[in-house]
Amino acid sequence: MSQTPNIVRSARPNVVRRGAPAPRTNTQLDPGDDRWWRNAVVYQIYPRSFADSDGDGVGDLGGIIDKIGHLELLGVDAIWLSPVMRSPMADHGYDVSDPRDIDPLFGDLAALDELIGQAHAREIRVAMDLVPNHTSDRHPWFADALAAAPGDPQRSRYYFRDGRGPDGSLPPNNWVSVFGGPAWTRVTEADGRPGQWYLHLFAPEQPDLNFENPEVVADLERTLRFWLDRGIDGFRIDVAHGLAKAPGLPDMDLASARVLRHTDSDPRFNNPQVHPIHRRIRAVVDEYPGAFTVGEIWVDDNSQFAAYLRPDELHLGFNFRLAMAAFTVEEIRGAIDNSLAAVAAVGAPPTWALSNHDVYREATRYAPDDSAAGRAIGVDRARAMLLVELALPGTAFIYNGAELGLPNVELPDEALQDPVWERSGRTARGRDGCRIPIPWEGVAPPFGFSTNPHTWLPMPADWSALTVEKQMEDVYSTLALYRAAIDLRFRRDEFSGETIEWYGAPAGCLAFRRSPGHLVCVLNTAEDAITLPPGEVLLVSQPLVDGRLAANAAAWLVPHR
């Protein structure tokens, strides 16, 4: 499908094998390059599901080091690790009990140092998930707060409040958890009586921090420096829009409350007081040239979204519109136009993602139905959307397993581990289906992910055709397409420019051109093949049909000059 299917990334250094001394560094990969993040390809690793090096059925840092060659061949500029800090794992690492240590489930600080060294040796940067909105209920601060009396400064690091009603038996307000159920839990005081309530926008094991307390901000700054001093190249900031709550904690509109979703007017999120917090974060990160931040920002209004990306706040903000768009020209073009407009006012680059650890995988999301034919169409569409994503200006994020065309998996009730399942009263199945371990090789589970057949989430028995090993042998595989596309984006000048121009296109199709690079991307969502515009075809997501672009396919072209 490409004129140059064999990928050679000449800018990459020689492979450093696991077991060799890892280069140690106390700096970011390239402190002299403070713009790399504006047009990068970042690969998200969900560590539990990437590769298991110690046979416990759970992925770990050693597994990532073992598979670092896969990332080098893929050609990504950076990896982003979902949380690996010390945690009781009530929410799979997003409940942090020590933000400046590695959980033994994943390894230790020495393993992280080795991973940073191995990645930097291949010119791959390493970013970490930062979880500043809340801690674990096992964090020493929260233990101190529970042991303290109401009104004690130990409690002011969190949101402890008296209950409503004559005996305080009602929550302080009507807020609900993003995971379902109430957002408040009542504690038992030292004297054994029911006492105050504490706020947790997620699980009860994740009490929200109060950033009005200077200790909380100072501790976050300490955490940032701790990891940056070890050579970490940046952070993905979890719940970046939720670090400040509406003053007075007013009641919310329960009619608009949904599990894992909220609106811009929700007092739990997107309050103006969040911006000084991000300016404090940015000031620390700017002490380390070459480092960056990207925020999880679930904000629909473009002007409010852009406020997070002002020059003294976040470098990047996740815009999820493309990941939420249906496979139609109207929705895809609308998502692209909106995402570009959202950052134009502040001069920040847009971000693009088709999936992550919280949303359905694109191969399943684009499938018209669950039949074998429907699933195949879903994969075709996911391949096409990869070319759309990588043709756009800005920074692209790829979720591990997308390069294999992995689908979402429907797990039996007894296998579900996401806290959303129980918190929602078993009405929302949660996010486990997009977190299944990666199949690496072989013909049966665990497909080289682990030596333990009992992986933390069960793997489908029919994934043998999806393994990395199998797809490496096939120049037309989804993995081969990803490698070719990332390589072309890296090498070709036609991908330059920060704007796009829309072309006229037949019904059910869209086409745009990068400016000034002149790369043309064509997407066909119609049922029939279409004639491509004149030009040299660089890459297609599906083989051409008598020289025409197939249905559910995309192409990259360079116009004749």
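This is a predicted model: local features need pLDDT of at least 70, side-chain atom pairs count only at pLDDT 80 or more; totals for chains, interfaces and linings use all residues.
**Exercise 1.** Find the salt-bridge partner of D33, locate both residues in the chain, and classify each by accessibility.

*Solution.* Step 1: D33 pairs with R125, with an N to O distance of 4.0 Å. Step 2: D33 lies in the segment before β1 (41-45), while R125 belongs to strand β5 (residues 125-130). The two are 92 residues apart, and the pair links distant parts of the chain. Step 3: R125 has 7% relative accessibility and counts as buried, because buried means under 20%. D33, at 27%, is partly exposed.

**Exercise 2.** Describe the salt bridge between D370 and R375 and the accessibility of both residues. Then name the residues that salt bridges with shared partners join into one network.

*Solution.* Step 1: the closest N and O atoms of D370 and R375 are 3.6 Å apart. Step 2: D370 is exposed at 61% relative accessibility, whereas R375 is partly exposed at 42%. Step 3: the network consists of D91, D358, D418, R431 and R435, joined by salt bridges that share partners.

**Exercise 3.** How many salt bridges does a search of the whole structure find?

*Solution.* The search finds 32 salt bridges. The pair D33 and R125 meets in a salt bridge at 4.0 Å, and the cut-off is within 4 Å.

Conventions: Residues are numbered from 1 along each chain as its sequence is written. Side-chain values use heavy atoms; hydrogens and water are left out. A salt bridge is a side-chain nitrogen of Lys or Arg within 4 Å of a carboxyl oxygen of Asp or Glu. Helices (H or I, at least four residues) and strands (E, at least two) are DSSP runs, numbered from the N terminus. Buried means under 20% relative accessible area, exposed over 50%, partly exposed in between (1.4 Å probe, protein chains only).
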